[in-house]
Amino acid sequence: MLYFSKLRILFITLFSVLFILIASSNLFKFDDDFFDKKINLGLDLQGGSYLLLEIDNEPVIEQKLQNLTTTIRNYFKEKNIKINNIKIDNQNIFFNVTNNDKQSVLDVFQDENSDLNPYYPRFKSHQLEIEDTGLNLKVNFSRQGLIKLKTSSQDQAIEIVRRRVDEVGTNEPNILKRGNNRILVELPGLDDPMRIKSLLGKTANLTFRFVTNDENDRFGVEKLKFENGLEEATVSKRIIISGENLLDAQPKMDTQANQTIVSFTLDRVGAKRFGKATSTGIGKQLAIVLDGKIISAPVVRDTIASGSGQISGGFTFQTATDLALLLRSGALPAPLEIIEERTVGPDLGQDSINAGMIALAIGFMLVIIFIFVKYKIFGLITNVTLIVNLFILLGVLTLFEATLTLPGIAGIILTVGMAVDANVLIFERIKEELKDETNNILAFDGGYTKSRTAILDANITTLLAAIILFFMGSGPVKGFAVTLGVGIFTTLFSVYFIARLFTSIYVSRNKNKEKLI
Amino acid sequence: MIAFNKYYNHFNLLSSILIVVSLLLLIFKGLNFGIDFKGGTLIELRASDSKINVSSLRDRFNQMDLGDVSVKKFGNDTDFLVKFENKDNKKNIIEEIKINLDKSFGNNYDLRRVENVGPKVSAELLKSGVIAISLSLALMLIYIWIRFEWQFSLGAILALFHDVIVTLGVFSLFSLEINLSIIAAVLTIVGYSMNDTVVIFDRVRENLRKYSDIKIFELTNISINETLSRTIITSATTLLALLAIYFFGGEILKGFSLAMILGVVFGTYSSIYIANTVLVRLRVSQKTVLREDEKK
């Protein structure tokens, strides 16, 4: 155990120096991306905001079912199959069929090539499930159909969220999917997420619809409140143009009326429809509806064929800017709810870094002094190893650009405390060996060999805990698992290569010395 | 040589009492769950005006109709921790609070940390915390089952349960807050306690093979003594590191490091006085080990 070949010594030296260099690279700036690796600071250390958003898919499902009833009705009408009394109840579509038609309806839903009910061969499942309950049939989304629907609304939502966050212009936001109905937004350096929160809280569903007094409007009507919450108006359900027709939206100052407005440009389809509607609807009130509330309902005075227009509604410059931003980035497929928020101000982050570093320095000093007093020359070896170990640990974290959190720093300090364990196990064993072994080299050899299983056992148990923590933990706690886990490997390396190298050099030079340890 | 075995019975009794008391505490007093597991809002606030203190903050927050509000000093005289349930899960709660605080205190305060955990998320976090701890106990069980004879496994697991239960018992007794980092601490305690037990067990097994004529009662004592200086040095350095975190690592790490400190103390104690006494009570002998050796 004490013999080292020249090649191995070279390898150990190079390896240690390499990681020390990588660890120190955190202090410098490199132009080259390859060299410019840094340990990332977690949000709890650099300050920032962590938001977990959940997509409320209920309205999406409701809407899809609504569309489906129309599709189903038309589909069977074309096939001359009579279905009636079609209605939606509690996320199920119910309809009645006659005895003669029942089988052909069931067949349509169970046909793998049906265009009414898409089949996913990979999951061996249809989009919709049909349940035979006599002459009244029940149709709803299958498990797989729901998953598809959720992932697709998640895909759309994450895109919109990304656009909105980018528009606000925070540095390096991190936007990730979580499960199939959640989105994680990490905003480093942002200490007041108020604006982003309010932007993400809006669906931004914009429609232009005529105000009507005709309760029997062909498309149906609904009563909507104005933004100020006081007045109400009856609005047709017929949509003239919607947010999808917008090409651009910008806040502007209307110098004539001395108010802030949002001016918008429409795409070709939108411009055509807007032009037609404004030409036939002169004198009528056109309601601009955002997320079910009327922003304003100006009276149409002229045909607007240019494809551009403006929205006024008593905006401040800030609200106009935000509305324009929302309109530019598009509507969310479904409302988002912020179900978890954690925000740390930058100066608390800095305080945490300082406290963590002080604790690390003090913990490190205490351990080093203790070990030196206890083991003298071998204590010195352990301590040098401990320092190299710390650098290698930092080096590995840098190499993988791991995220360092406050509990992560605690993990490093803990690693320092526990890393001496392996060396202590070895040295104590050597002491025992020396009791009945006069040959120093044999005693050291024995010490290393016989302590190996205990060291391995001890480290595997800690590693198991770290692995579970890594997979189950979130955010800051994950950082703890990372440093603790990586620390185990660097500790084993430094104990079995670096410390053993120093030990072997010292022991072979003092072969005949008594009371070596 | 210290006669640890002279006190096996005494300390077994003590541990039993500790476990029973801890369980009673956990059942009847329960744990003080933080917002991570209970849901709610937490605000860390730093004041730059001496007018802002616990009572003025409490008055202000109580007027806002937020349910149960707790206001505490956090570390020093200018930092405060405010927690409330946010029962109705109001959306713009922070904005509302800021407006209200501005009215009373102007610009003389700073929100340093805001955490808001919805009821769904807190339930999930609690569930995954419980799963994580159970999973780690199960993994340890499997590992020790593979490595040692069943008597040893039982000893190690009992020691492990003891450490986790008594640590949580202390947290219950003093109403210390259980949050995500405490789960991390408990998992690390599990690892540490196992580590400590395994080192002594390794030695017990080695000695069982070596001596056929020494009774397990004596043999455990010999093994404990042989590994004693390692036990002391490792616990000492680990405790030194943890004490450094506790005293200098800032308020946020206080609970975490305290849990670990308790865990290390209990872990060291239980390796000696629980794990080993199980071997004695199960009358482990050389045969136990040799039988297992033959199988392999």
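**Exercise 1.** In this predicted model, find which residue of S5(B) is the bridge partner of A:Arg342, and describe how the two strands pair.

*Solution.* Start at A:Arg342 and cross to S5(B): the bridge partner there is B:Glu115.

**Exercise 2.** Describe the side of chain B that touches chain A.

*Solution.* Begin with the counts: 56 residues of chain B are in contact with 55 residues of chain A. Then list the elements of chain B that each supply at least two residues to this side: strand S5 (109-117), H5, helix H7 (180-210), helix H9 (228-248) and helix H10 (254-281). Finally, sort the residues of this side by type: 29 are nonpolar, 15 polar and 12 charged.

**Exercise 3.** Take H5(B) and state its span and its buried residues.

*Solution.* Helix H5 of chain B runs over residues 119-147, which is 29 residues. From first C-alpha to last it reaches 42 Å, close to the 42 Å expected at 1.5 Å a residue. Its buried residues include B:Val121, B:Leu125, B:Ile133, B:Met140 and B:Ile144.

**Exercise 4.** Work out why one side of S15 and of S19 in chain A has no neighbour in the sheet.

*Solution.* First set the order: the open sheet has 3 strands, S15-S16-S19, with antiparallel pairing. S15 (246-254) and S19 (308-315) of chain A are at the edges with a single partner strand each, so one side of each lacks a neighbour in the sheet. The twist averages 25° from one strand to the next. Now check one pairing: 5 bridges join S16 (residues 259-266) to S19(A), and A:Val262 has A:Ile311 as its bridge partner in S19(A).

Notes. Residues numbered from 1 in each chain as written. Chains lettered and ligands numbered in written order. Predicted model: local features only at pLDDT ≥ 70, side-chain atom pairs only at ≥ 80, totals over all residues. Pairing = 2+ DSSP bridges. Helix = DSSP H or I, 4+ residues; strand = E, 2+ residues; numbered from the N terminus. Axes fitted to C-alpha atoms, helices over the stretch in contact; angles between N-to-C directions. Expected span 1.5 Å × (residues − 1). Buried ≥ 20, exposed ≤ 12 C-beta atoms within 10 Å, placed from the backbone. Contact = placed C-beta atoms within 7 Å. Nonpolar A, V, L, I, M, F, W, Y, C, P; charged D, E, K, R; others polar.
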